[in-house]
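Subject: Structure handover and findings

Dear colleague,

Please find below the structure that I am handing over to you.

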Amino acid sequence: MNMSFFKSSSYLLTSESVLEGHPDKLCDQISDAILDAILAKDPFARVACETMVTTGIVIVMGEITTECYVEIPDVVRKVVKNVGYTKAEYGFDYGTCGVIVSIKEQSRDIAIGVDKSIEAKAFAMDEKDTLGAGDQGIMIGFACRETPELMPLPISLAHKICKRLAEVRKENIISYLRPDGKAQVSVEYSYGVPKRIDSIVVGAQHDNGISTDVLKRDIIELVIRPVVPKNLIDERTKFYINPTGRFVVGGPMADTGLTGRKNEVDTYGGVARHGGGCFSGKDPTKVDRSGAYMARYVAKNLVAAGIADRVEVQVAYSIGVARPLAISVETFGTGKIDDEKIIKLIKEHFDFRPAAIIEKFDLRRPIYTPLACYGHFGRDDLDLPWERTDKAKELMEDAGIKVEEEWR
């Protein structure tokens with residue numbers, strides 16, 4: 001995003017979300033379910049679990065070091081069943097799909113840096129210096145005032161449409177829907193403020209023989225309108241429902257799925273930058289996951305404190321080093337104080353060392369499978385510690401900022 005977003009009278013931002021039955025999201029859920037199953041027995045396990053699906057086959061790969069045993073094929077089949085692939089006619093069935101597992105231990109070359117950080121080897125100021133970052137990388141956190149959950153409006157609406165699409169299928173409100181699907185929302189902004197929805201795209205897998213007219217009517221009236229604010233839809237809003245006219249073949253039969261291919265769906269819908277690392281299947285020593293959660297926590301609290309209306313936090317790590325190499329912020333001209341002062345506040349109020357993040361958010365527990373769909377941020381349906389704004393008051397007082405109660 002650049003400053004022209006705030007200077008233009010008409011600027012479009014687009015985000016997408018996908019359903020549980022999307023091949024890539026199916027893989028994310030399997031990887032996180034395996035992670036959860038292991039953490040439930042061994043909270044200190046090291047897990048890097050990847051999944052691939054294609055016609056009739058699930059392949060689980062990765063590096064896992066643990067003292068416990070988990071029957072991985074059973075975990076896989078349970079996820080596939082819960083997603084809704086329960087009939088052979090869907091092209092993928094939990095009871096008959098093949099499951100191949102290829103797992104080895106975490107590389108010792110990686111483990112030596114995670115087990116004992118550079119700081120611990122050199123000076124070890126306190127116990128939170130002991131755990132080194134599980135990889136190098138760049139983590140991004142973002143927040144803005146466009147929605148009550150302080151998320152960008154396009155991704156928020158795309159998630160809501162997909163959640164509703166899954167709901168009407170599972171509750172048999174629209175009986176002919178199948179598990180695969182996705183949504184895309186384009187919001188028109190004027191000088192940085194969302195004004196209207198320009199277009200909504202929905203792809204919904206369905207049974208054979210359903211007419212396009214029936215599908216379009218049902219999706220608009222029973223899926224879109226119940227969750228999208230009426231004031232954002234006008235006579236110019238365009239609806240594209242299954243634009244090809246047919247979406248019968250879907251899921252792993254239609255497309256190969258891989259863990260970690262929907263990073264923008266998991267985060268901010270492309271409105272903010274992305275560091276590149278995915279979340280699913282990774283234990284919290286991997287800062288791809290824990291560092292991104294902390295960056296979101298920081299950004300959300302800064303916005304809730306009224307320090308800026310729009311904040312992007314970037315954090316850089318090195319493998320085997322506990323403390324981040326760099327922390328930067330971008331407020332897109334909305335900051336009430338200088339960026340240098342904001343960075344100073346961040347360093348005073350937040351601890352980005354992996355051990356500190358894990359402890360603060362209690363990340364060594366099986367909480368990850370529900371996050372694998374509909375985003376890791378802005379989830380008002382889950383009690384996520386990195387979504388709390390409990391630091392906003394302190395930040396506001398230290399920055400000398402006054403903010404309306406509604407944003408705390």
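Predicted model: local features only at pLDDT ≥ 70, side-chain atom pairs only at ≥ 80, totals over all residues.

Which residues of helix 11 are buried? They are Ile342, Ile343, Leu345, Ile346 and His349. Seen down the axis of helix 11, these buried residues fall within an arc of 155 degrees, so they line one face of the helix. Here, buried means under 20% relative accessible area, exposed means over 50%, and partly exposed lies in between, with a 1.4 Å probe and protein chains only. The arc is that of the directions from the helix axis to the C-beta atoms.

Residues are numbered from 1 along each chain as its sequence is written, and side-chain values use heavy atoms, with hydrogens and water left out.

The chain as a whole

The protein chain has 13 helices and 11 strands. Both are DSSP runs numbered from the N terminus: helices are H or I with at least four residues, and strands are E with at least two. The radius of gyration of the protein chain is 22 Å, close to the 22 Å that the globule rule gives for 408 residues, so the chain is as compact as a globular protein of that length. That radius is taken over C-alpha atoms, and the rule is 2.2 Å times the number of residues to the power 0.38. Along the principal axes, the C-alpha atoms fill a box of roughly 70 × 55 × 30 Å.

Of the 408 residues, 57% count as buried. Among contacts between residues at least 6 apart in sequence, 73% join residues at least 24 apart; contact means heavy atoms within 4.5 Å. The protein chain exposes about 17,000 Å², and carbon and sulfur atoms supply 50% of this area. Accessible areas come from the Shrake-Rupley method with a 1.4 Å probe, and for residues only the protein chains shown count as cover.

Helices 11 and 13

The buried residues of helix 11 pack against helix 10, strand 11 and helix 13. The face of helix 11 turned away from its buried side carries the exposed residues Glu340, Lys341, Lys344 and Lys347.

Helix 13 spans residues 392-399, and its buried residues are Ala392, Leu395, Met396 and Ala399. They cover an arc of only 100 degrees around the axis, which puts them on the same side of helix 13. An α-helix has 3.6 residues a turn, so residues three or four places apart point the same way. What covers the buried residues of helix 13 includes helix 10 (287-304) and helix 11 (339-349). On the face turned away from the buried side, helix 13 carries the exposed residues Lys393 and Glu397. Just after helix 13, Gly400 takes a positive phi of about 70 degrees.

Two further positive phi angles

Most residues other than glycine have a negative phi. Asn242, although not a glycine, has a positive phi of about 45 degrees. Asn242 lies in the loop between strand 8 (238-241) and helix 8 (251-254), and is buried with a relative accessible area of 4%. Phe332 is not a glycine either, and has a positive phi of about 55 degrees. The loop between strand 11 and helix 11 holds Phe332, which is buried with a relative accessible area of 5%.

Other loop positions

Ser318 lies in the loop between strand 10 (310-317) and strand 11 (326-330). Not counting residues up to four places away in sequence, Ser318 touches Ala133, Asp135, Gln136 and Leu325.

His274 belongs to the loop between helix 9 (263-266) and helix 10, and is partly exposed with a relative accessible area of 24%. Leaving aside neighbours within four places in sequence, His274 is in contact with Ile140, Asn263, Glu264 and Thr267.

Gly91 is in the loop between helix 3 (72-83) and strand 4 (98-104), and counts as buried at 16% relative accessibility. Gly91 and Thr55 are 36 residues apart in sequence and 7.2 Å apart in space, C-alpha to C-alpha.

Yours sincerely
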